[in-house]
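Here are a few questions to work through with the model open beside you. Take your time with each one before reading on.

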Amino acid sequence: MVKIDFGGVLEDVITRKEFTVQKAQEVLKDEVVVSLGYGIQGQAQSLNMRDNGIKVIIGQEKEGVFKKEWDKAVADGWVPGENLFPLEEAAKKGTLKMFLLTDAAQKALWPKIKATLKKGDALYFSHGFSIVYKEQTGVIPPADIDVILVAPKGSGTSVRRNFVDGSGINCSFVVHQDATGKAMDRAKALGIAIGGGYLFPTTFEKEVYSDLTGERGTLMGALAGILEAQYNTLRANGHSPSEAFNETVEELTQSLIRLVDENDMDWMYCNCSETARIGALRWKERFRSATQPVFDSLYELVAAGEETRIVLEKSKAPDYRQKLADELKEMGNSEMWRAGTTVRSLRPEKPKKQE
Ligand SMILES: NC(=O)c1ccc[n+]([C@@H]2O[C@H](COP(=O)([O-])OP(=O)(O)OC[C@H]3O[C@@H](n4cnc5c(N)ncnc54)[C@H](O)[C@@H]3O)[C@@H](O)[C@H]2O)c1
């Protein structure tokens, strides 16, 4: 661990300098690491581990709606019968079981996975959901195994992309139960092996509360909602789709958010006009006070278990996959995002790099 100053608050973190990939290989050399699930996280984490020299096997259902993911694993070079197996068969082989099914499927499949746990195994999560809301999920691990978490703070797509480009996605990590005395090393080794940027400590509870708040809030829910609201206002006042989209999304993604990433919000403000700065500083206050109660209520509902209850209830419905797909289709087919497709198609092509 190394102490780092985060805006005046000292925190312990782990970087690849303190815990190298070689160390991760050493810690994991006698383990059978199994990714239970080859979804967005399962694919990214296991490919990164494979490229980092860790022996991994995949557990993935093969039939019906799950064939898509089985085929994806085969296309990625996993070999059926060698390092790709149906879920339970793979779970039986693993000593370090990475529970990377959807959170609802973790609840449904728990009795089967629990039956494969042997004394000294480790059960790994990338989300605190199943453990924290155990009254809703029934996921209560036996006392003779390690229970650990590494939660990437990004989509699995970015976990893979950033690994490939040499950077990484930061991850939180924690040991919930240390039955073997090796749990902390196992967690750190996995965090580094899956391509974590830096690793910061959390608890299962803090991880799930912050994650559910973040994705419902600024990362996804609030983001989509506020973009739609501004676009609608511009359109209702006679602005063209091109103008409304450029002023709402394109300028954000192509220009301003990149400046925020580069050097924070004040830097982005400094690189905009004085007119923009004066107005934005005033309106930031109004937006913050309008949304603060919404965020406070969101956090309360998360902590009360209401958000997870809704997820578990909705995902039980026989037509839920179709309903989710329909809702996303409706979003994608809205005028704003159709305008987005057109705007992207009009972006000048970047010149190809010279070999
Ligand atoms: N997606 C992300 O970017 C992300 C980020 C951080 C943490 N997480 C966490 O990682 C874990 C995995 O999430 P994901 O987004 O990769 O999920 P996903 O939906 O992409 O994949 C889920 C996997 O579960 C399997 N599955 C689903 N229902 C099943 C069932 N009834 N029986 C058997 N298998 C079933 C699928 O075949 C697939 O392999 C979750 O705990 C999630 O909260 C996800």
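Q: Leaving aside its neighbours within four places in sequence, which residues is E88 in contact with?
A: This is a predicted model, and in it E88 is found in helix α4, residues 87-93. Across the sequence, E88 and I113 are 25 residues apart, yet their C-alpha atoms are 6.8 Å apart in space. With neighbours within four places set aside, the contacts of E88 are K112 and T116.

Q: Is E88 buried, exposed or partly exposed?
A: Let's count C-beta atoms: E88 has 16 others within 10 Å. A buried residue needs 20 or more, and an exposed one has 12 or fewer. The count for E88 lies in between, so E88 is partly exposed.

Q: Which helix gives the most to the shell around the ligand?
A: There are 25 residues around the ligand, and G37, G39, Q41, A105 and H127 come nearest. At least two shell residues each are supplied by α2 (40-51), α5 (103-114) and β8 (146-152). With four residues, the top contributor is α5.

Q: How many charged residues does the shell around the ligand have?
A: Sorting the shell by class gives twelve nonpolar and ten polar residues. The charged residues number three.

Q: How are α12 and α16 oriented to each other: roughly parallel or roughly perpendicular?
A: Helix α12 (residues 241-270) packs against helix α16 (residues 335-345) with axes 9 Å apart, at an angle of about 85 degrees. The contact involves residues including F245 and V249 of α12 and M336 and V343 of α16. Angles of 65 to 115 degrees count as roughly perpendicular, so the two helices, α12 and α16, are roughly perpendicular.

Conventions:
Residues are numbered from 1 along each chain as its sequence is written. This is a predicted model: local features need pLDDT of at least 70, side-chain atom pairs count only at pLDDT 80 or more; totals for chains, interfaces and linings use all residues. A residue is near a molecule or strand if its C-beta atom, placed from the backbone, lies within 6 Å of it. Ala, Val, Leu, Ile, Met, Phe, Trp, Tyr, Cys and Pro count as nonpolar, Asp, Glu, Lys and Arg as charged, and the others, Gly among them, as polar. Axes are lines fitted to C-alpha atoms, for helices over the stretch in contact, and angles run from 0 to 180 degrees between N-to-C directions. Angles under 35 degrees count as roughly parallel, over 145 as roughly antiparallel, 65 to 115 as roughly perpendicular and the rest as oblique. Two residues are in contact if their C-beta atoms, placed from the backbone, lie within 7 Å.
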